[in-house]
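Reader: Please show me the chain. I would like to go through the terms and what stands behind them.

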Amino acid sequence: MTSTLTTRRSFVAGTTLAGTLAALPAFARSGAAQLADDSLTLWYDRAAGPWIEALPVGSGRLGTMVFGRPAQERLQFNIDTLYGGGPYVPDNPKFSEALPRVRALINQERWKEANELVSEALMGKPIKQMPFSGAGDLLLDFPGVTAAARYRRSLDLDSAIALTTFIDGGGRHRRETFCSVPDQVTVIRLQIEGDGSIDLDLGYRHPDYQPYGGFGDTKYDEHGVVFVGADWGHRESLFAEKRPESLSVRADGSDALLIEGRNVQAFGIPGQLRYALRVQAVGDGRIEASGDRLRVRGARQLTLVVAGETSYVNWQDTSGDPVAAVRQRTAAAARKPFGKLRDDHLQAHRALFRRLHIDLGGHAANARSTDARIAGVPREPDAALAAMYVQYARYLLLSSSRPGSQPANLQGVWNEVLHPPWEGKYTININTEMNYWPAGPANLPECVEPLLKMVEELAVAGMRTARDSYGARGWVAHHNTDLWRATAPIDGPLWGMWPMGGAWLCTTLWQHYQYNPSPALLRRLVPLFKGAALFFLDTLVEDPKGRGLVTSPSLSPENNHHADIALCAGPAMDRQILRDLFDAALAAQTQLGEDDPAFTAAVHKARARLPADRIGSQGQLQEWLEDWDASATDQQHRHVSHLYAVYPSEQVNVRDTPALAQAARVTLNRRGDESTGWATAWRLALWTRLGDGERAYKILQGLMGPARTYPNMFDAHPPFQIDGNFGGAAGILEMIVQSWGGEVHLLPALPKAWPKGLLHGVRAHGGLTLDIEWANGQLGAVGLRGPAGANVALRYQGRRLAVRLDARGQFHARAADFAALA
């Protein structure tokens with residue numbers, strides 16, 4: 001690979017560089033240049049069998065899984081606001097009275113009594129939150145299809161189009177599916193060339209009630225998931241076994257089918273949402289909607305447009321009109337020529353997707369089907385699959401989190417059942433935050449808007465919980481939330497009694513600001529940060545052993561320090577998050593020019609009294625104030641909560657705190673490299689931040705292999721959770737560029753397996769965009785773009801180079817410029 005980045009001058013150690021330099025190469029490359037091979041394409045030579053083999057498309061608000069079955073296509077739909085229940089207040093009325101007693105029991109280490117009291121008086125009612133539900137299937141029967149030769153289905157990440165092609169006799173079938181952000185519809189384009197025609201019988205299937213269903217037909221061998229596939233003639237029954245009485249499927253005009261239903265009740269909260277799907281057909285054949293079917297005969301080309309909506313207006317209002325919304329969207333889309341629908345979709349998608357390009361080599365592997373490549377990891381190294389893993393995560397975030405939609409939940413926006421695992425909601429003790437780890441470096445700031453909107457709503461709901469439960473100012477959220485912005489602790493004292501969820505979301509938003517600073521964003525963040533900080537100023541308590549201010553009751557997420565006991569005071573993660581929260585609250589206030597001396601003084605005082613991180617008797621970073629790590633019941637627990645300080649924070653790092661960084665390594669070695677999907681991704685990011693590229697690469701191979709990646713590249717917890725996709729992508733990017741400690745770190749954890757490559761369009765703190773290239777494992781060149789005149793510190797192989805962007809906001813450097821510093 002020949003470097004396209006150039007520099008005009010040599011640099012001298014210790015100098016600050018300025019001046020007019022040659023312009024960087026154009027970032028936006030043509031589609032032809034990017035798509036010379038299948039480097040951005042998932043492809044298969046069999047139709048999907050189980051759901052984890054289908055291919056996802058989405059617009060943020062609407063998600064569709066495409067199975068690519070020739071004789072009967074299955075399209076499974078989701079609507080981002082289709083959750084169970086309705087607005088509810090889960091705060092336990094006994095909370096405030098019981099809180100002092102709980103704290104006293106924790107101080108006395110009377111764990112069993114504390115557990116019982118928390119369970120009875122502090123847990124939310126109901127003790128669970130509302131599930132994200134599937135919206136059902138459209139089954140497209142093609143009675144004329146009798147064979148499927150030269151079959152291929154694919155998902156092109158650059159176009160966000162799922163494509164199925166095959167030959168039946170003398171006819172070549174082509175089926176394209178995409179989810180349009182501009183038109184807010186799923187578009188299915190059916191074409192046939194040669195002999196034959198398109199005959200179609202379309203109906204709707206409501207999802208079966210499966211409390212933890214959807215993955216029962218997954219097959220495994222000793223290496224992990226086995227691709228099952230479906231034969232060309234695979235057909236399923238149209239009718240679910242438990243079709244609810246509230247469901248209506250009927251013709252809506254001569255060319256459309258309208259589906260209306262209600263959401264489920266859950267955990268005693270009545271269903272208060274109505275939802276609607278509408279599918280409208282446009283084509284050159286005979287189209288007829290009658291009863292609960294849409295039929296087409298004799299078409300050569302056919303376009304189906306599908307819209308979905310609920311009556312959700314906001315977390316307190318369910319009075320919307322979903323039928324009017326889907327009629328308007330499908331009618332408007334049906335009036336547009338297919339070419340216009342497709343072009344508008346491509347323009348909207350590529351405007352964001354094409355900001356970043358990554359090439360790690362290994363292109364020969366693209367000639368193999370995606371399922372075969374996944375099955376081959378780690379026995380067959382596949383650098384190109386790692387590059388596609390990054391781009392697939394970017395694609396998934398673009399498809400599940402857009403301005404105007406809900407944030408990406410545990411499954412993004414894709415789920416086939418009514419009650420998914422863990423209710424498919426927002427677990428905010430790691431999983432939701434991990435969903436947005438790549439948004440900054442992967443150059444997708446727009447995707448964070450739904451998260452910011454949710455936190456603004458949580459701040460309102462959490463103010464009630466703070467006031468009524470804790471008697472505190474500000475706002476709080478615990479370890480989960482849902483569409484209805486519930487903020488009470490749930491699930492039980494082993495999991496839910498953790499008051500830091502809102503605070504961690506705030507530090508996640510501060511990272512978003514670091515990558516994309518703007519006064520408008522800052523104005524939205526300041527009240528959120530201040531409210532979250534006020535809550536802890538009011539609720540931190542004195543440690544009875546005189547070690548400072550601590551949270552109580554709390555826990556180190558989901559980990560027991562004694563058998564069946566997680567409750568504690570002041571675990572390491574709480575203290576680490578609070579340091580970041582307090583720092584962000586003060587920095588944001590200062591940068592916005594606001595002055596609140598009393599608040600500033602109180603935050604400084606409280607922060608100074610947070611106990612420092614500790615190194616335990618085994619050389620490990622302590623998870624709790626007490627040195628309980630050796631006695632914890634699960635020595636390889638999936639959560640590594642006390643390593644928050646390493647990543648995504650930067651409090652513990654190899655440059656400034658080497659002793660603590662070594663203690664973090666001890667902890668990671670004790671925890672092991674293999675865990676659930678998202679926990680494996682976190683381990684990857686942690687070893688990367690600690691500068692161990694080879695260890696990180698080993699973990700990445702486990703993450704990309706069949707034990708932790710399904711055939712459609714969804715992350716396998718198991719079952720499917722999308723957080724591992726996002727955390728894994730963030731970890732890969734961190735191997736190449738890191739942004740912490742006031743410096744941009746170049747190739748800080750590059751593994752030997754990627755000796756040559758490039759990463760263009762990656763972001764760094766300060767609103768910087770980088771293009772970086774390397775060969776033989778060494779930096780070739782780096783180009784920066786950002787605010788004109790900005791001072792930037794670059795670090796490579798232990799050497800620090802201070803530079804200043806020129807008047808055009810640009811700068812170039814080569815490896816030789818760092819060598820001169822030796």
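**Terms against values**

Author: Start with contacts, meaning heavy atoms within 4.5 Å. Among contacts in the protein chain between residues at least 6 apart in sequence, 70% join residues at least 24 apart. This is a predicted model, where local features need pLDDT of at least 70, side-chain atom pairs count only at pLDDT 80 or more, and totals for chains, interfaces and linings use all residues. Residues are numbered from 1 along each chain as its sequence is written, and side-chain values use heavy atoms, with hydrogens and water left out.

Reader: Why is Arg671 called buried?

Author: Buried means under 20% relative accessible area, exposed over 50%, partly exposed in between (1.4 Å probe, protein chains only). Arg671 has 7%, so it counts as buried. Across the protein chain, buried residues make up 65% of the 822.

Reader: Why is Arg172 called partly exposed, then?

Author: Its relative accessible area is 39%, so Arg172 falls in the middle class. Arg172 is found in strand β8, residues 171-180. Its contacts, leaving aside neighbours within four places in sequence, include Arg150, Phe166 and Glu193.

Reader: How do you know that Arg671 makes a polar contact with Glu623?

Author: A polar contact is a pair of N or O atoms within 3.5 Å; within protein, one must be able to donate a hydrogen and the other to accept it, and residues adjacent in sequence count only if both atoms are side-chain atoms. The two side chains meet at 2.9 Å, so the pair passes the distance limit. The Arg671 side chain also reaches the backbone oxygen of His637 at 3.2 Å. Arg671 itself is found in helix α14, residues 658-671.

Reader: Which residues is Arg671 in contact with, leaving aside its neighbours within four places in sequence?

Author: Among them are Asn559, Glu623, His637, Val640 and Arg683.

How values were computed
Helices (H or I, at least four residues) and strands (E, at least two) are DSSP runs, numbered from the N terminus.
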